[in-house]
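Topics are grouped for reading alongside the structure.

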Amino acid sequence: YSPGALQGCTVMITAGPTREAIDPVRFISNRSSGKMGFELAAAAQKTGARVIVIAGPSGEFLAAGIERWDVETAQQMYETVMQHIEDCDIFIGAAAVADYRPATRSAEKIKKKETALTLRLVRNPDIVQAVAALDQGRPFTVGFAAETHRLKEHAEHKRCHKQLDMIAANWVGRPGLGFDSTSNALEVFWEGGHVSIAQATKAQVARHLIEIISERYHAQSSA
Ligand code: C5P
């Protein structure tokens, strides 16, 4: 693990869940803690990079000296990423962005009725895909994939479909791994390459992943 490996580079990381409001008191969200993204930020900072984190609601601690923009919704996360993406060399989409939001946000608290309630959901922008599609100043773009089955196939499909430089896939729904938990294990794929990161604390896994990203980033920019 080399300190200084990303000296002079700017790394942007999205982290945590997003919240999509239904009415003033309710929202749709997910189990992401933000821990993996925050650990990646700390690991990137140790390589000498300037680090910008765009964070959804998270109770986790973020290391000092990291630029942090707090957002709530996927739309806000998208806009904040786009405002600061210029001059970023590496983008890591570690946030668990809600794919859908309620079509309308009720201004008043929705009252309970005797009948069933239907919520109409509309798509949110795909942030990592939008970053990978940038014409100018496109950073080295890394996505995550949380999978419950056929991990390699789904991860490789996502990498190609979203035109990512790299994808880090983890199993979800297995005890002790992924979302909500303190440890993780990753399968990392890029064009023509693959590395497994064995189960370890999220801090250790983050350091290993930043090392791989740094290697691939330098290999690609000198090619
Ligand atoms: O397609 P899926 O949601 O599984 O892809 C996961 C990857 O895409 C993660 O890197 C996540 O941060 C990113 N993503 C995003 N914007 C979305 C949905 C997912 O940036 N709206």
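Eight strands form an open sheet with mixed pairing, in the order 5-4-1-6-9-10-11-12. Strands pair here if DSSP finds at least two bridges between them. Helices (H or I, at least four residues) and strands (E, at least two) are DSSP runs, numbered from the N terminus. The model is predicted: local features need pLDDT of at least 70, side-chain atom pairs count only at pLDDT 80 or more, and totals for chains, interfaces and linings use all residues. Residue numbers start from 1 along each chain as its sequence is written.

**Parallel pairs around strand 6**

- Strand 1 (residues 10-15) pairs with strand 6 (residues 90-93) in the parallel sense over four bridges.
- Within this pair, Met12 stands opposite Phe91 of strand 6, and Thr14 has Gly93 of strand 6 as its bridge partner.
- Strand 6 also runs parallel to strand 9, and four bridges join the two.
- Phe91 has Thr141 in strand 9 as its bridge partner.
- In a regular strand, side chains alternate between the two faces of the sheet.
- Strand 6 is covered on both faces, with Ile90 and Ile92 buried on one side and Phe91 and Gly93 buried on the other.
- A residue is buried if 20 or more other C-beta atoms lie within 10 Å of its own, exposed if 12 or fewer, and partly exposed in between, with C-beta atoms placed from the backbone.

**Antiparallel pairs at strand 11**

- Strand 10 (residues 166-171) and strand 11 run antiparallel and are joined by four bridges; Ala169 has Glu187 in strand 11 as its bridge partner.
- Strand 11 and strand 12 also run antiparallel, with seven bridges between them; Ser183 has Thr201 in strand 12 as its bridge partner.
- The hairpin of strand 11 and strand 12 has two residues between the strands, and Gly192 takes a positive phi near 80° there.

- Apart from neighbours within four places in sequence, Leu209 is in contact (C-beta atoms, placed from the backbone, within 7 Å) with Leu40, Ala168, Leu186, Val188 and Ile197.

**Ligand shell**

- The ligand is surrounded by 14 residues, the closest being Gly93, Val97, Ile127, Val128 and Gly143.
- Helix 3 (127-132) and strand 9 (140-147) are the elements that give two or more residues to this shell.
- Strand 9 supplies the largest share of the shell, three residues.
- By class, the shell has seven nonpolar, four polar and three charged residues.
- Ala, Val, Leu, Ile, Met, Phe, Trp, Tyr, Cys and Pro count as nonpolar, Asp, Glu, Lys and Arg as charged, and the others, Gly among them, as polar.

**Loop residues**

- Asp87, in the loop between helix 2 (74-84) and strand 6, has a positive phi near 75° although it is a residue other than glycine.
- Asp87 is exposed, with 12 other C-beta atoms within 10 Å.
- Arg150, in the loop between strand 9 and helix 4 (151-161), is not a glycine but has a positive phi of about 45°.
- Arg150 counts as exposed, with 9 C-beta neighbours inside 10 Å.
- Val172 lies in the loop between strand 10 and strand 11 and is partly exposed, with 16 other C-beta atoms within 10 Å.

Key: A residue is near a molecule or strand if its C-beta atom, placed from the backbone, lies within 6 Å of it. Two residues are in contact if their C-beta atoms, placed from the backbone, lie within 7 Å.
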